[in-house]
Amino acid sequence: MILSQAVNGLVLGFLYVLIAIGLSIIFGMLGIVNFAHGAFFAIGAYLALVLSRDYGWGAAFLAPILVGAIGVVVEMLLIRHLYGKEPLLGLILTFALALLVEAILRLIFGGAPVPFNPPKILAGFVEYGPILITKYRLTVLAITVIALVAFWAFLEYTRFGRIIRAGSRDAEMVGLLGINLPIVLSGVFGVGCLLAGLAGMLAGPLWTVNPSMAGGAIMPAFVIVTIGGLGSYGGAIITGLLVGVVTAMTIQFYPDWSSAAMYILMAVILLMRPRGLFGEKWERFE
Amino acid sequence: MTKTTGNGILRTPVGRRGVVFGAASLAASTKLGMPYIGNAAAAEPIKIGMIWAKTGSIVDQAEYLAQGSMLALEQRNNTLLGRPAEIVWLDEPNPQGAQLNAERLVGEHKVVGIVGGALSSFALAISAVAKKSKVPFIAANAAAAALTGSSCNKYTFRLQPPVDVHTRVLAPYCAAIGKKWYIMTAAYAFGQDIKKSFTDYITANGGTVVGADEVPVGTPDFSSFILKIRAAKPDVVIGGVAASDLTTFLKQWNELGMRGKIPFAEIAVGNTDLWGVGPEAADGLFTLTWYYKNPNNPPEEQAMAAAYEKKYNRPAADKAWMGWMGMRALLDSIELAKSTESGAIVNALETWSVTRGDLASAYRPFDHQMTSRLLVASIKPKITDKWDYFDIKAELPATQADVEKAFGSQADSACKMDAL
């Protein structure tokens, strides 16, 4: 049973990782604490729902791309004006954006939850000894791992990835090298939103799809980014999995405490390692 | 410290504290209210307060509750006692927020009565303000026993039958399936009442509770709870999670292959909770307070359902009826009292009554609990209409005497009613 819960927690953790990674790179590169990240997660779920309903499940994979495109537009119209301003302005604007997106979703789809279930082809589950896992969750696991590896390779081996990594450490130097930083920043925000949209698409058939679904996603993402260490890709992955497993184990032994478990974990880790598990000293954030 | 990049972009550092502050701010700020819909500029209108959630896990039900409430006033052409009347709608993001907004409605907007309280914890918070401020309050959706029990007061009236009445109706059906129950309830008053009342019932009837979990509100993933239930091998699972939490649970119950394997039962569910699950995943045995397809609905309620469907282009969910009925009782009582004075409205509410079929539904003077029947319903084996999910199995209690017995007598009540 404990093994089964651990595996289940890992699956949940991978979903959290996907949400948190986008938040982490937007913060790391743009210096923006994006309260609207959960809203992009919700847009991803709703777009996947509409596309899969009208054009089949294959079309649902367009949802994260569309969310990424929306993210680019949002960065160009709104976020760009926040660079260099008081951090509080970013908090207020992105929070307002989150409320606006929720209101728009409510206007279009109504406040009630909308049915959205996994495709029939992924119905059922597999059992390995004591471990039970559904085919859909296995698929979520596989897609998440592929997305994370692909994104890591993108950061590590592509020119754009190198610019992102360099820019996250010293944006000024990147600009002095003649790189068009505004375009890069739009791209980074778009990629972060794309990852949130992908998480929304994958979580939609598991969670309740309603306009306020962002709340269930954004808090774990903030916790994971904080525990893992700001800007740490590996830290976000390991922490996401840790939060998933800790939550599952708390449900097994102390279910009343399951929603508080990740916050207790965060408090304990920050007391021991104030920069988070894998946090490094970043000059621009000191 | 602020830096300038090569492209002239000013960068203001945001550190770890910023993120932690951000997370904390988010947690706090998501509880903020939204603007009210009332028109403060209107000339001396009678103001009715409405507190239904605009954010949070109960918002899907609250949308219908609010629409039903507003429909009740619209059906009177927005007039009361020959004067214009308007609704001032504030949010109930959490119990503290509900209490603060109730105080705002009384102090700032000078409302003559309040309808609201989508969750029991919210209703209890509003009820405390109603008592302190001496303003009539109709709790139209909350089911926790304390509201008309140990925490009752002269200004609070409750429409939804309390948990123990729902339990008396549904538990015999569950016991007929099997005597080993697993109870999974929300970690607040409503869920805790369900846990206690079903545990009391099954232990008194020779059964056992093989497991019990309290689930935090807003749990996004129930799979770990479901694995525990699966391992315990109960005959029946008794649920006690509300609104979108129930939707999420049933989706994952189906996803993990449990639908049809172990029967699931829950009291006082909302239609919207099941509509959100979808026909392929919906499952369970439930008590409902009202159903739009019940042929026994009285003519006024059928007219309300038709008016609602015409206006909103979808059937009236049970919550729309509850919002409508709660507001109707308050508005009727204001007219009956021929006054907006709170004591007169309370007296009128205590004598207000509506005939539903062969049953007179009214708020009992000794605890202010409305008496009514409940529907026992199961999910249709095959759902062909995206709104019509339920087969009505029974309408209980059967007779007026049975209804009074199910709701308990004054001697059974924990309510010590105070004076005006």
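## Confidence of the model

The average pLDDT of chain B is 89, and 90% of the residues in this chain score at least 70. One is residues 1-14, which has 43 contacts in the model beyond near neighbours in sequence. The other is residues 26-42, with 31 contacts in the model beyond near neighbours in sequence. The structure is a predicted model, and the positions in these two stretches should be read together with their scores, which are below 50.

Chain A has an average pLDDT of 88, and 98% of its residues score at least 70. Within chain A, confidence is lowest in helix H7 (residues 171-176), where the mean is 81. Confidence in chain A is highest in helix H3 (residues 62-77), at 96. For the complex, the predictor gives an ipTM of 0.84 and a pTM of 0.83.

## The two domains of chain B

The domain assignment divides chain B into domain 1 (43-161 + 297-372) and domain 2 (164-288 + 374-402). Taken over C-alpha atoms, the centres of domain 1 and domain 2 of chain B are separated by 27 Å.

Domain 1 of chain B gives 21 residues to the contact, and domain 2 of chain B gives 22 residues. On the side of domain 1 that touches domain 2, the elements that give two or more residues are helix H2 (59-74), helix H4 (120-133) and helix H11 (318-337) of chain B. By class, this side of domain 1 has twelve nonpolar, five polar and four charged residues.

## Helices H2 and H10 of chain B

Helix H2 of chain B also meets helix H10 (residues 299-312) of chain B. The axes of H2(B) and H10(B) come within 11 Å and cross at roughly 110°. At this angle, H2(B) is roughly perpendicular to H10(B), because angles of 65 to 115 degrees count as roughly perpendicular. The crossing of H2(B) and H10(B) is right-handed.

From H2(B), the residues in this contact are B:Gln67, B:Gly68 and B:Leu71. They meet B:Met304, B:Ala307, B:Tyr308 and B:Tyr312 in H10(B). The residues of the contact divide into five nonpolar, two polar and no charged.

## Helices H5 and H6 of chain A

In chain A, the axes of helix H5 (residues 135-157) and helix H6 (residues 159-169) come within 5 Å and cross at roughly 80°. H5(A) and H6(A) are therefore roughly perpendicular to each other.

The residues of H5(A) in the contact are A:Phe154, A:Leu155, A:Glu156 and A:Tyr157. Their partners in H6(A) are A:Gly161, A:Ile164 and A:Arg165. The contact of H5(A) with H6(A) has four nonpolar, one polar and two charged residues.

## Backbone details in chain B

A cis peptide bond joins B:Leu396 and B:Pro397, with omega at about -5°. B:Pro397 is found in the loop between strand E17 (390-396) and helix H13 (400-407) of chain B.

Another loop of chain B, between helix H7 (223-232) and strand E11 (236-240), contains B:Lys233. The phi angle of B:Lys233 is near 50°, which is a positive value in a residue other than glycine.

Terms used
Residues numbered from 1 in each chain as written. Chains lettered and ligands numbered in written order. Predicted model: local features only at pLDDT ≥ 70, side-chain atom pairs only at ≥ 80, totals over all residues. Domains from an automatic or database assignment. Contact = placed C-beta atoms within 7 Å. Helix = DSSP H or I, 4+ residues; strand = E, 2+ residues; numbered from the N terminus. Nonpolar A, V, L, I, M, F, W, Y, C, P; charged D, E, K, R; others polar. Axes fitted to C-alpha atoms, helices over the stretch in contact; angles between N-to-C directions. Parallel < 35°, antiparallel > 145°, perpendicular 65-115°, else oblique. Left-handed = near helix turned anticlockwise from the far one by under 90°. pLDDT = per-residue confidence, 0-100.
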